[in-house]
Amino acid sequence: MDLSNISETLIAGKADELRKMVEEGVKENINPADILNQGLLPGMDAVGKKWKAGDMFMPEVLRSAKAMSISMDFLRPLLKDDDVGNAGTMIIGTVAGDLHDIGKDLAAMMFEGAGYNVINIGIDQSNENFVDAVKEHKCNLLGMSALLTTTMPRMGEVINSLKEAGIRDQVTVIIGGAPVTEEFAREIGADLYAPNAGSAVDITREYLQNKN
Amino acid sequence: MKMNQTINKSTKFRVLSDDQIEQIFYAALEVLERTGGMIYHEEALELFRDSHAVVKGNHVRVPPYMIEEALNFYPRKITLRGRNNVRSLHIQKDTVTFGTGSDLPFTHDRKTGERRRTTYQDVTNAAKLVDALSHYDFFMSHGIVGDAPNPQTYDRHQFMAMLEGCTKPMVLTSVDGEGLEDLWKMGCLVQGGEEEFRLNPLFVAYIEPISPLKNDKTAVEKLLFAAKKKLPAMYTPCPSSGATAPATIAGMLVQSLAETLMAVVLCHLKSPGTPLIMGGVTTLLDMKYSTYSYGAPELSLASAANTDISKWLNLLMFSTGGCTDSKILDEQAAAEQMMNLFYSYLSGANLIHDVGYMDHGTNASLESLVMNEEMMGMVKAFGKGINTDDDHLALELIEKIGPAGEYVTSGHTFDHWKEWFMPKLQDRSDYETWKQNGSKTMLDRVKERTQHLLDTYEPEPLDEKLKKELKEIASAADARHS
């Protein structure tokens, strides 16, 4: 199987077709890590580049991300923990008192597209729920959002709760939302701030590369 | 005697035909019957359970006859009185009024040119400008008081900042039901008691659902409080086409109307006759930057269509104009603000808000408020239409002046030229004069006028005793939430 066909199908956002190709590849005894690294990830890289160049737009990018996610659901159990490209697990949610979720959902889809196992815990989540989810899923990335200035401070409370639970160092924390700024992210002790759903993945990738 | 005459006393503009509005209305009824909405509030769920609505958990579906019945009970006229004691804001069909938007977290700092958090003082300054500028009929806070002692009680402090600078009627946001109750108590103090407030409300409560079809606890609390006290309120869906609503304008209008009608039924169940105003910031999600656009031409088109729907339903309309996605007051800002200001005005929406909004609803700018004053004047001059009575046809005058005459010195000109729009900021000078006057740009003039107004305009001060009483309500709220 020519793995570049997988990339092309991913860029075209054909989810069902892509999943079939990935399943066939595994049946043909192609190493799952190769399917990921030589098929899916180059496809998503191309999507990212096309988007930045203004050749692809949100609905197209998200279709590709969704296709990636559906194929990853199949492929992930077959990958070894140390396979490059197995990005890890992300918890994402909207803080207590806030029921706005479109920005967070867009970000979640983008991270799924980047190969993360994303657990979207939803809207109006208490500090404890965030902490419990981080513990339970042993995630390495936590994303939070708030649209309201009234709920924004809750993101800082969640970070404090992570500290109290002794698991702050386990996760990289990224935050976003219309009233949120980089300065605010620093103030509350978040690691990263993304001004929009689209840039979140790149910002995270760059940060983690520099860290390692 | 002339028979069967039609005289256009204003210009006319309409997007949707009656048949199209019917299509959208029936579709919205279908949405509420089939898809329903989510309600996160126990008392509201109880009200729906006691009615013919079908409630499963937080999910509520409503049969059309409940909506049709409820629609018969909404007032078609609401009149607000500012603290200046003038009943100036007449919210009724085809009467257009302009006002600011509210709660912008950032402000364009006029000294540094940088973006920073909005403060109490910024809100008071915006209040002063709105009080001074005649085309603003009502005031929303423009910015949010980011330096309030506690975000959970910011609304009381924000109302104080607004009252200090502005004597006009207002539209207020609130944190939750408790916050709105405090604002109402403060309003009653200003107007001279609960009964006076009922006849002369000072403000309309701004409330919004979350698209698609979600009604969160705080929004419903506020709605039910408004219904209980017969406090004027608006329920304003903010769908982003393509993200939280269908990517088609028709689909977005259907969903937005369904969201409105859910509140129409809920308020009716709580207390028939609630002065509820229909609303909507109906626009799209930019598919490159995932921002909620305030400058898209689709906002103008969808908003005007929404106003057509409101009139057909006999509901009052809270619409949107004078806003932009531009980060600074530049050519983009002028183009976008003018476009949505113009079409919202022509559509005949009753309250047009968000005038002066920058950076897709995140950045406040006092200069933007001042520039929009000029643009509102221009738009209104267009909306006047053309008088064609004998005096205005001027047949006698044309005969009197004759071929090769002049009109500058005629009495007719002296009487009528004042009907024209008088620019304060537009420059119509000749090149040499413009150069002699310093070659100023529009922005230069806007900046000067903003500074001049802030330096010279003094709003009627708040009575000291009243101010103290109002502050007590805010302090009590701070104490409860500390």
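**Note on the predicted two-chain model**

1. Lys52(A) is exposed, at a relative accessible area of 63%. The model is predicted. Lys52(A) makes a salt bridge to Asp202(A), with 2.7 Å between the closest N and O atoms. The two residues sit 150 residues apart and link distant parts of the chain: Lys52(A) belongs to helix H3 of chain A, Asp202(A) to helix H9 (residues 197-211) of chain A. Asp202(A) is partly exposed, with a relative accessible area of 27%.

2. A second salt bridge in chain A pairs Arg76(A) with Asp73(A). Here the closest N and O atoms are 3.8 Å apart. The cut-off for a salt bridge is 4 Å, so this pair still counts. Arg76(A) is buried, with a relative accessible area of 17%. Asp73(A) is partly exposed, at 47%.

3. In chain B, Arg116(B) and Asp109(B) form a salt bridge, with the closest N and O atoms 2.5 Å apart. Arg116(B) is partly exposed, with a relative accessible area of 29%. Asp109(B) is buried, at 14%. Elsewhere, salt bridges with shared partners tie Asp155(B), Arg156(B), Glu178(B), Asp182(B) and Arg480(B) into one network. Over all chains, the structure holds 28 salt bridges.

4. Now the sheet in chain B. Seven strands form an open sheet with parallel pairing, in the order S6-S17-S16-S14-S12-S10-S9. Which strands stand at the edges? They are S6 (97-100) and S9 (170-172) of chain B; each has a single partner strand, so one side of each lacks a neighbour in the sheet. Ignoring direction, neighbouring strands are turned by 30° against each other on average.

5. Within that sheet, S10 (residues 203-207) and S12 (residues 233-235) of chain B run parallel and are joined by three bridges. Ile207(B) stands opposite Tyr235(B) in S12(B).

6. Two helices of chain B are worth checking against the strands. Helix H5 (residues 154-165) lies across S9 and S10 of chain B, at about 170° to S9(B). Helix H9 (residues 249-270) of chain B lies across S12 and S14 (276-279) of chain B. The angle of H9(B) to S14(B) is about 170°.

7. Backbone geometry next. The peptide bond joining Ser211(B) and Pro212(B) is cis, with omega about -5°. Pro212(B) sits in the loop between S10 and strand S11 (214-215) of chain B.

8. Asn29(A) has a positive phi of about 65°, although it is not a glycine. Asn29(A) lies in the loop between helix H2 (15-27) and helix H3 (32-52) of chain A. Its relative accessibility is 69%, so Asn29(A) counts as exposed.

9. Asp103(B) also has a positive phi of about 65° and is not a glycine. The residue is found in the loop between S6 and strand S7 (106-108) of chain B. Is Asp103(B) buried or exposed? Asp103(B) is buried, with a relative accessible area of 17%.

10. One surface feature remains. Trp417(B), Trp420(B) and Met422(B) form a nonpolar patch, with about 360 Å² of accessible area together. Trp420(B) is in the loop between helix H15 (411-416) and helix H16 (431-436) of chain B. At 59% relative accessibility, Trp420(B) counts as exposed, because the cut-off is over 50%.

Notes:
Residues numbered from 1 in each chain as written. Chains lettered and ligands numbered in written order. Predicted model: local features only at pLDDT ≥ 70, side-chain atom pairs only at ≥ 80, totals over all residues. Heavy atoms only, no water. Patch = residues over 30% accessible without salt bridge, like charges linked within 9 Å, V, L, I, M, F, W, Y side chains within 5 Å. Areas by Shrake-Rupley, 256 points an atom, 1.4 Å probe, with all protein chains shown as cover. Salt bridge = Lys/Arg side-chain N within 4 Å of Asp/Glu carboxyl O. Helix = DSSP H or I, 4+ residues; strand = E, 2+ residues; numbered from the N terminus. Buried < 20%, exposed > 50% of the residue type's maximum accessible area, 1.4 Å probe, protein only. Pairing = 2+ DSSP bridges. Axes fitted to C-alpha atoms, helices over the stretch in contact; angles between N-to-C directions. Contact = heavy atoms within 4.5 Å.
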